Amino acid sequence: MWEKLFYREKGLFLQSLHPAAMLAYLLVFLLLCLLYENPLYLLALFFLLALLNLEAEGREAWEGFLKGGLLLVVLIMVVNSLVIRAGSTVIWSGPAVPLWGKLQVSLEALYYGATSGLRFLVLLSLFCLYNLVVSPDKLLSLLAGFAYYSVLAVVLATRFFPVVVRNLLRIKEVQELRGVDFNQGTLWERVQKYSSLYGVLLLSSLEDAMGIAESMQARAFGSGKRTLYRHHLWRPRDTICLAGSLGAFSLALWGWFHGYGRYEFYPEADVLIKDAATVGILLLVCLGLSLPLLLSKGWKRWPFLRSKI
Amino acid sequence: MAVSWGLWSTLLGFLAVCLLMVGWGRRGSMTSKQLSLLAVLAAFCAAGRAVTGVGLLFLQPTMFLVEITGFVFGARAGFFVGAATPLVSNFFMGQGPWTPWQMLSWGLVGASGGLLKVLFPRAGNGLLTVACFCWGYLYGALMDLWHWSVFVRPLTLKTYFLTWLAGFGFDSLRALGNLLFCAALGQQTKKILEYFHRKMVVEYVEGL
Amino acid sequence: MALFKVENLTYYYPASAEAALRNISLEIREGEFLLLVGASGSGKSTLARVLAGLIPDFYGGKMGGRVLFKGREMRTLDRRQVAREVGMVFQDPERQLVKTQVEAEVAFGLENLGLPLPEMRRRVAEVLAFMGLEPVKGSFIAHLSGGQKQKLALASVLAMQPRVLVLDEPTSQLDPASAEEILQLVRRLNEETGLTVVLAEQRLERCLHLADRVILLARGEVVCEGRPAEVAQEIAGADPLLLPPVARFFTRLGVSPVPITVKEGRQILLGRLRPEGGPAGRPTPAPTKNSPVRGGNPAAVEMQGVWYTYPQGNEALKGVSLNLQKGEFAVILGANGAGKTTLVKQMVGLLRPDRGKVWALGKDVGRGGFKEIRGRVAYLSQNPNDYLFQDTVEGELLFTIRNLGLNERTLVDELLERLGLLKYRNANPRELSSGERQRVALASVLVARPQLIVLDEPTRGIDYRLKAELGRLLREEAEKGCTVVVVTHDVEFAAEYARQVVIMHGGEIVAEGEKHALLGNSLFYSPQMARLCRGFCEGVLTVAEAVEKLGSVIGSGSVREGVPEGERRTLWPSHGAYGLRS
């Protein structure tokens, strides 16, 4: 259950990209999603990410992410629509609340809330994709050059995490049979029952830590200057994807400064499509961002393409 | 809205946490015992965060441990264990845009433990429990800062207050959990960590 | 020149008043395969750590005497140089892996040595190929099996290309197949590359014949050293249970030199006896799948067509039926993933069947019975540390009593006495040795006077003496009417102590029955003595049985002058407590 979202190597095209290229690509997505205010643009990003998540064989994980996010979306909408009084189209007017003023909900506020919710869903989809295609190993080995100790400690913690969980479940069983019923008693009593479980686990884990330290010591840890073992292939596909993301990003920035992708909700919402360029720029940005998706599809279908990229 | 606050707050979180982690990993050198002890503590906290007891109203026996780690091992170690906790558990539960801010907030919890030690070297479990209880709310307030900047417009004190209010239930639960766990387990945990803190220092070697 | 030269080494762990090593002097030659033998607490692990340079650097403590490596004092050597020349593999695979990914783990030591990238890549590739880890090189380490993890630990040490490989009980946590694989790899390295090997072990049946030289340690001192057969003779006098059954058998008959493998033993038997029956031996009656219920004793555990699938989706039990009577001592054998642990968890109510019925102590476990049997069943997991968290040993026992609402303080004293824990009553259980820890764990579940005791791999990683002690204790419990179920990989343990044997495979019970019928005629689930006597005398599982059946035939005349058992015991009064049962 706790491992459902852990990275799994499935031999996908998207997983074979160089971590730097992939991270640059995802970063562009992140920036655009936070930059854009126009619902149409956000919708396009969402659509693209949906396709990418499916391409990464992550339907289940993605649905899980979205389901988890829906509650927050509703919360965002409620907060926004209750708080904002800048909208001009009031659709509900409630009683006055002390210290707060009159409650009212405007169509624009609701609209803005929905857009914020959509932005949140885009973010979720983006990170779901990240979890599917970037392995922690690759990410951390990329960072190891900058901060050796922090990365090594995080790597060790990640490797030790499943051990702790497994020990936890086993010790819980052991204690259940020693007469500890974890599901009974008042809250305070239950917390106290956990204290025995907790103590065993903490002691065992820290003893393991001493053993690990010994093994590190025996393998010359901290014995002087060290080097880094890192090996990631850079293929033509990485160049293409990097070019695509950078191109899309530059174009998006240019568009942003010329007003494309911006959007005013208050006092009255803008029209969604101001001119043809609004759609044109969006299409071009999406094209740049969909290069990995297209390559992935082609890579699966044509052996010829496979050998070239 | 010319300035995209959501963008800046998220990027700021990323940057801050990267810089702090890089800074943490660069300074000085660490012995194998220090490194593995902190890593295992982080794994332990991450597991406590990921596998929470359903029978316990989803209370997490984690934040108080980060606080005590800071108290026993110092602010630097506390910060690392705190920051690594959400990072590691999110590798398994899913990373999200919230990870950097979570790392910062958790890191602060750990660092504050170190601060407490400096201010009150002889502090008992009572003070730590109070600190943990406060952190339950403070952590929520910090995370709300991010939620608010990304999803709420306009950015006024009033809207922030409302965002905070929306999360009040969760915050209270967290604070309650911290209070109960720290009260029940604090003493024992501190004893265990202090024992290993002593062990971490290489013993003096003498000849016969 | 000797590679290692140890002179008058004495060592005390920090804050310990008792020396872990006393006055040790020895030499290790280049290319040698040296075996360090001894019970737990004999100092073999400590000595291994001294050779690897971890003592005193990592542990601290007090040290006297000298350790020379290639003629230079070890303490004056640079730590990197020691790590480069001496590699060490530890007992527990979980406690020596650092990285998340296999390939990165192999490279870890190389990074620490500061090797250039091309050199690292060459070495990683080489080692992965040699160790057969190529298929899993990108895997997440937590997804590997225990055997694979230990292989990886060995690989990451080998990548550093040490001249000496020190191993501290590397197989004690593994199942027999993986253990064999590790030992064969070590043997190949020694033979094919001339690597010097120092192996600390206590399960000699797998490694005694591999060694060039054996050193027997006891209480931190060297008792004797020499070639395996010579030392076997000595060990037989000092501590016979330490020997593999074959060697024990022949020393009891006074044969010299002592054969140490089944093959050598059979050669001797062939020279003196004529095989009975045909070349394949007589077929023993095939065991029936469901043993007929013997009258009188009520069933303690009854399972009928039990199916169980884990939430993650693996089908662990497929229609298992089993009957165990009151007072039964049953052992469950089978490969990893055969469903052994799942089966016993059903018995104690930790899991409930998806389909089928489980009755334990007359209660229907699937229907709320699991609550009623709590306190009347005991479960000991693989790791005794799971039980220890109180400040005192007594506290552990009282914890169970309190939780189960019992009121039997008198039993505490009785149990502590019986398990030899009285003197540790107020000691912190975490400070005890591994064997003592296990006894405390056992005491903490036995204190509830259970009627059903289930143990999951209790012999893993423990000393042969403790194993014998545990076996005896469990047999006593069974005789008192308690039902005992043990999951294990240890066929010798089953042969010696159990009455009934259950063999599982792929979630099903493939054979079940009395141990002689079952273990006597299988090839791999058979103890050494059965293998030795196959064709000469069927149905022999233990040394005692073999002596009884064959001793008179071989013993008279053909045996060279051997000291009678009784007299030899008096020569070694201090070690006699665990002498052979005859």
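Is Cys533(C) buried or exposed? In this predicted model, Cys533(C) is buried, with a relative accessible area of 0%.

## Cysteines

The closest cysteine sulfur to that of Cys533(C) belongs to Cys537(C), at 5.9 Å. A disulfide is a covalent bond between the sulfur atoms of two cysteines. The cut-off for a disulfide is 2.5 Å between sulfur atoms, so the sulfur of Cys533(C) is too far from that of Cys537(C) for a bond.

Cys482(C) is also buried, and its relative accessible area is 5%. Over all chains, a search of the whole structure finds 0 disulfides.

## Secondary structure of chain A

Chain A contains 11 helices and 2 strands. Read from the N terminus, the order of elements is α-α-α-β-β-α-α-α-α-α-α-α-α.

## Dimensions and packing of chain A

The radius of gyration of chain A is 25 Å, whereas a compact globule of 309 residues would have a value near 19 Å. Along the principal axes, the C-alpha atoms fill a box of roughly 65 × 65 × 40 Å.

Of the 309 residues in chain A, 60% are buried. Among contacts with a separation of 6 or more, 72% are between residues 24 or more positions apart.

## Surface and charge of chain A

Chain A exposes about 12600 Å², and carbon and sulfur atoms supply 68% of that area. The chain has 29 positive and 21 negative side chains. The centres of these two sets of charges lie 6 Å apart.

Conventions: Residues numbered from 1 in each chain as written. Chains lettered and ligands numbered in written order. Predicted model: local features only at pLDDT ≥ 70, side-chain atom pairs only at ≥ 80, totals over all residues. Heavy atoms only, no water. Helix = DSSP H or I, 4+ residues; strand = E, 2+ residues; numbered from the N terminus. Rg over C-alpha atoms; globule rule 2.2 N^0.38 Å. Buried < 20%, exposed > 50% of the residue type's maximum accessible area, 1.4 Å probe, protein only. Contact = heavy atoms within 4.5 Å. Areas by Shrake-Rupley, 256 points an atom, 1.4 Å probe, with all protein chains shown as cover. Lys, Arg positive; Asp, Glu negative; His and termini not counted. Charge placed at Lys NZ, Arg CZ, Asp CG, Glu CD.
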